[in-house]
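Subject: Predicted model, handover and notes

Hello,

Here is the structure we spoke about, with my notes below it. Please read them with the model open.

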Amino acid sequence: MSGASGAGLRVWAIRALTLVLIAFVLTEVNLHWMPPQTHLAAFALLGLSLTFLISARGDDPWWRKGLDVAGVAATVLGVGFVLAQNAFSASALADRAGAETGLDIALGAAGLVGVLLASWRVIGPALPLITAAFIVYAFVGPWLPEFLFPHRGYSLARITSQGFLQSQGVFGIAMHVMFAYVFLFVVFGVVLQQTGAIRFITASSRRLFLGTVGGAAKVSVIANAMMGSLSGSAVADAATTGTVTIPLMRSTGFTARAAAGITAAASSGAALVPPVMGAGAYMMLELVSPPVSYLEIIRAAILPAVLYYTALLMMVHLHVRATTGGGSLTPPEDPGSERVPGPAGLVFGISLVVLVVALLFGRTVFRAVSLALLVVVAVSWMHPSTRIRLSACWKALGQVARGAAPLVAAAGAVGIILGIVTLTGVGTRFPTAVLSVAGDSFGLALVLLMVGSVVLGMGLPSAVCYLLMAILVGPVIGQLGSPPLAVHFFIFYFGMMSMVTPPVALAAYTTAGIARTPIFPAALTAFRFALAGFALPYFFVFRPELLLIPDGNGLLAGAVVAFGLGILVVVALSAGLMGWLRGRLGPVRRSAALAAALLMAWPPGAALVSIPNLVGVGLLSGVLWRRGRGAPQPPMQ
């Protein structure tokens with residue numbers, strides 16, 4: 001078989017397998033024909049098989065092709081065995097938990113290997129290496145020093161049972177979230193793109209901002225926010241909108257490094273934008289205690305998302321002013337020259353309205369998105385420009401596979417980790433250690449959680465990072481002195497920020513490739529633009545009203561004060577970081593702006609506004625009304 005025909009056959013197989021997967025998930029989440037572990041095994045078998053298909057390349061070296069063959073064989077044997085045992089065998093695996101046969105263990109171990117190889121192929125080495133480290137940890141527990149949480153140690157049979165054969169591992173909560181929630185939203189986002197939603201998003205953003213200071217970069221910020229409401233993925237968001245917005249920024253005078261950094265910072269907030277919010281929101285449904293509804297999670301995300309993207313717009317505005325000495329980098333095009341595609345906008349609006357209304361009327365998340373999918377397809381046929389043709393649908397199946405397969409592989413690897421966390425007891429000992437280090441300091445405990453989330457999130461999808469941290473510190477979240485939902489959002493937010501935190505900043509890697517600029521400088525620039533948003537998690541933990549969580553001061557008044565102070569914190573941080581606010585700021589005024597941001601973010605105590613908050617407002621007022629002057633600086637490289 002020639003290389004071209006082999007590649008064509010692989011593309012055909014990817015699309016066909018994805019079509020089967022979509023049909024299976026839509027049927028099963030709505031009709032519930034199978035027991036939980038059975039449908040998760042079927043979902044994993046299809047999804048993990050896709051990972052090897054989408055990652056295979058004709059020019060791969062022989063050893064990589066060999067690993068792919070071994071991975072496919074291990075996956076089919078291991079996951080297929082679990083599926084067959086639960087669907088067709090009279091003796092289900094759950095009935096012999098702790099007394100598995102040698103064949104059970106051998107095929108389960110093969111399944112573990114298949115999951116590790118699949119995650120390595122589509123995500124990279126970070127997650128499989130972390131997973132392998134947890135497996136080794138389960139073996140060597142008796143010989144570990146005290147600070148590494150020693151335990152009695154477990155055999156291969158016990159590890160395989162916990163991590164793969166039973167419902168606490170690969171076929172546990174992580175795979176359930178991907179199956180019941182996330183996969184359908186991936187499909188939903190791709191279907192919307194086929195209707196022209198991307199054209200609507202970029203054209204609307206262009207009309208809104210192209211006549212303003214740094215308008216092209218502001219287009220990128222808003223386009224990424226709107227696209228994020230569909231995809232919930234920083235990397236997918238950056239790859240989709242970056243191909244349009246990065247060349248637009250370059251054409252108006254932005255350097256390649258700045259264009260890549262701004263787009264990466266904007267796409268990293270994608271998982272915070274309602275109503276989709278990636279996998280993290282759906283994981284919260286399973287992990288937050290006391291339980292919260294999906295609408296409560298959406299409501300909590302609204303104001304932080306507004307503040308994050310306001311911070312980015314402010315950073316872009318002040319960056320342009322500072323690097324051009326008061327210039328604007330305004331493009332020559334007339335922003336009114338490009339018409340917004342109305343039919344695509346109608347489809348986009350109707351789809352989100354249907355999704356939210358279905359949730360308001362008590363529909364489950366998977367049924368709401370199933371309904372929204374049907375409505376999108378039906379409404380798209382009302383106009384030729386939005387009509388989804390069968391040939392386009394067939395091609396789009398590959399896009400669904402590339403978006404969903406890595407999430408399935410990540411869910412499998414995370415499931416192994418969670419199974420071992422439960423088995424070894426580290427899930428209860430780690431949070432206790434965090435509290436003992438922090439002592440009575442709530443702030444220090446938050447700093448430790450931030451560091452853990454950012455470090456663990458390097459190289460991992462933000463939702464995966466959130467899941468690991470939430471499981472590890474879950475037992476003590478209620479003891480931290482803030483509403484549990486606020487602490488979960490804190491962890492989720494910093495996992496999201498790991499997308500732009502060097503040295504492993506996945507969103508910046510994507511945008512640097514599009515902008516054709518070195519990766520590490522682009523990551524540093526993305527980190528700088530996102531810095532103003534790093535204060536927000538502390539702000540909403542100390543002021544849970546910002547998440548629209550009621551407290552003793554009254555929800556409305558607290559939310560208004562918190563949001564107002566949040567805007568001022570964003571302004572002060574942006575000014576201090578960029579060195580411009582109605583004029584160039586010298587070192588003293590930049591320091592004063594940063595100090596004002598810290599004081600305005602200070603915990604309020606029992607009152608709505610504390611004395612430090614008022615001092616910070618006064619300090620910012622002084623900076624604002626004292627214009628700084630100086631010579632223009634060269635643009636950021």
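Helix 18 (residues 442-457) is the main contributor to the nonpolar patch, giving five residues. Helices here are DSSP runs of H or I with at least four residues, strands are runs of E with at least two, and both are numbered from the N terminus. The patch consists of Val 437, Leu 444, Val 447, Leu 448, Val 451 and Val 455, and together they have about 450 Å² of accessible area on the surface. Patch residues have over 30% relative accessible area and no salt bridge; nonpolar side chains (Val, Leu, Ile, Met, Phe, Trp, Tyr) are joined within 5 Å, like charges within 9 Å. The areas come from the Shrake-Rupley method with a 1.4 Å probe, and for residues only the protein chains shown count as cover.

Two points on the source. The model is predicted, and local features need pLDDT of at least 70, side-chain atom pairs count only at pLDDT 80 or more, while totals for chains, interfaces and linings use all residues. Residues are numbered from 1 along each chain as its sequence is written, and side-chain values use heavy atoms, with hydrogens and water left out.

Leu 448 belongs to helix 18 and counts as partly exposed because its relative accessibility is 32%. The classes are buried under 20% relative accessible area, exposed over 50%, and partly exposed in between (1.4 Å probe, protein chains only).

Helix 19 (residues 462-473) has 12 residues. Its first and last C-alpha atoms are 16 Å apart, close to the expected 16 Å; the expected span is 1.5 Å times one less than the number of residues. Of those 12 residues, 11 are buried, so helix 19 is largely enclosed by the rest of the structure. Among the buried ones are Cys 465, Tyr 466, Met 469, Leu 472 and Val 473.

Pockets and cavities

The second largest pocket holds about 600 Å³ of space. Its lining has 23 residues, and those closest to its centre are Phe 134, Phe 149, Val 426, Phe 430 and Leu 472. Helix 5 (126-139), helix 17 (426-438), helix 18 and helix 19 supply at least two lining residues each, and helix 18 gives the most, with six.

There are three cavities of 30 Å³ or more in the whole structure. The largest cavity has about 40 Å³ of space and is lined by Val 434, Leu 435, Leu 449, Val 473, Val 476, Ile 477 and Leu 480.

Both searches use a 1 Å grid over the protein atoms alone: a cavity is a set of points where a 1.4 Å probe fits but cannot get out, a pocket is an open set with protein on both sides within 12 Å along at least five of seven lines, and lining residues have an atom within 4 Å of a point. Points are joined across faces, edges and corners, and a volume is the space filled by probe spheres set on them.

Salt bridge and contacts

The count is one salt bridge, defined as a side-chain nitrogen of Lys or Arg within 4 Å of a carboxyl oxygen of Asp or Glu. Arg 121 pairs with Asp 68, with 2.8 Å between the closest N and O atoms. The pair links distant parts of the chain, 53 residues apart: Arg 121 is in helix 4 (residues 102-123) and Asp 68 in helix 3 (residues 62-87). Both residues are buried.

Helix 4 also contains Gly 114, which is buried at 0% relative accessibility.

Met 249 and Ala 515 are 266 residues apart in sequence, and their C-alpha atoms are 10.0 Å apart.

Backbone points to check

Most residues other than glycine have a negative phi, and most peptide bonds are trans. Phe 149 has a positive phi of about 60°; Phe 149 sits in the loop between helix 5 and helix 6 (156-165) and is buried at 17% relative accessibility. Leu 548 also has a positive phi of about 60°. Leu 548 lies in the loop between helix 23 (536-542) and helix 24 (555-578), and is buried with a relative accessible area of 19%.

The peptide bond between Ser 289 and Pro 290 is cis, with omega about 0°. Pro 290 is in the loop between helix 12 (280-287) and helix 13 (294-324).

Regards
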